[in-house]
Amino acid sequence: MPQLDDATRTELEAAAFRRLLRHLDEHKEVQNIDLMILADFCRNCLSKWLVAAADERGVELDYESAREHVYGMPYAEWKEQYQQEATPEQQAAFAARQAAKQETRDA
C-alpha cells in the first residue's frame, strides 16, 4: 500500500480492525483458546495491543475498557455467556503450540 498517504492507510487499517471485531463478535463460538492455537493471538491480545497503542501515543486507556471494546460488552459478562471450559484436546494443542514457540526462541 505504498501508494496511499498515511491518513488513508490509517483509515483503511482502522476499518479493517473494526471489521475484525465485528467478525469475532459474529463468531462467539470461536473460543480464545482456538484463536491462540491457530493464530497465536486472541481477543485479550487485541485488547492489550489497543492499550499499548494508546500508551505509545500518550493516551490513557485501561485494559478493562479496551477489553470491553473488543468483546462488545464487559469481559465478565462475555465470559459468563460465551466462554466454554477448554477441552483436554484444546489444552494439549495449546501446550504444544507454546512448546513449539519456546523451541523456536531457544534455537
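Is the crossing of H3 and H4 left-handed or right-handed? The crossing is right-handed. This is a predicted model.

**Helices H3 and H4**

- Helix H3 covers residues 43–56, and helix H4 covers residues 63–71.
- Their axes come within 8 Å and cross at roughly 125°.
- On the H3 side, the contact is made by Arg43, Asn44, Leu46, Ser47, Lys48, Leu50 and Val51.
- On the H4 side, Tyr63, Ala66, Arg67, His69, Val70 and Tyr71 take part.
- By type, the residues of this contact divide into seven nonpolar, three polar and three charged.

**The largest pocket**

- The largest pocket holds about 360 Å³ of space.
- Its lining includes Arg9, Thr10, Glu13, Ala14, Phe17 and Arg18.
- Trp49, Leu50, Ala53, Arg57 and His69 also line the largest pocket.
- Helix H1 (6–26) and H3 are the elements that give two or more residues to this lining.
- H1 gives the most, with six residues.
- The lining residues divide into five nonpolar, two polar and four charged.

**Where the two topics meet**

- Leu50 of H3 belongs to the contact with H4, and Leu50 also lines the largest pocket.
- His69 of H4 is part of the contact with H3, and His69 is likewise among the lining residues of the largest pocket.

Methods. Residues numbered from 1 in each chain as written. Predicted model: local features only at pLDDT ≥ 70, side-chain atom pairs only at ≥ 80, totals over all residues. Heavy atoms only, no water. Axes fitted to C-alpha atoms, helices over the stretch in contact; angles between N-to-C directions. Helix = DSSP H or I, 4+ residues; strand = E, 2+ residues; numbered from the N terminus. Left-handed = near helix turned anticlockwise from the far one by under 90°. Contact = heavy atoms within 4.5 Å. Nonpolar A, V, L, I, M, F, W, Y, C, P; charged D, E, K, R; others polar. 1 Å grid on protein atoms, 1.4 Å probe; cavity = no way out; pocket = protein on both sides within 12 Å on 5 of 7 lines; lining within 4 Å. Points joined across faces, edges and corners; volume = space filled by probe spheres on them.
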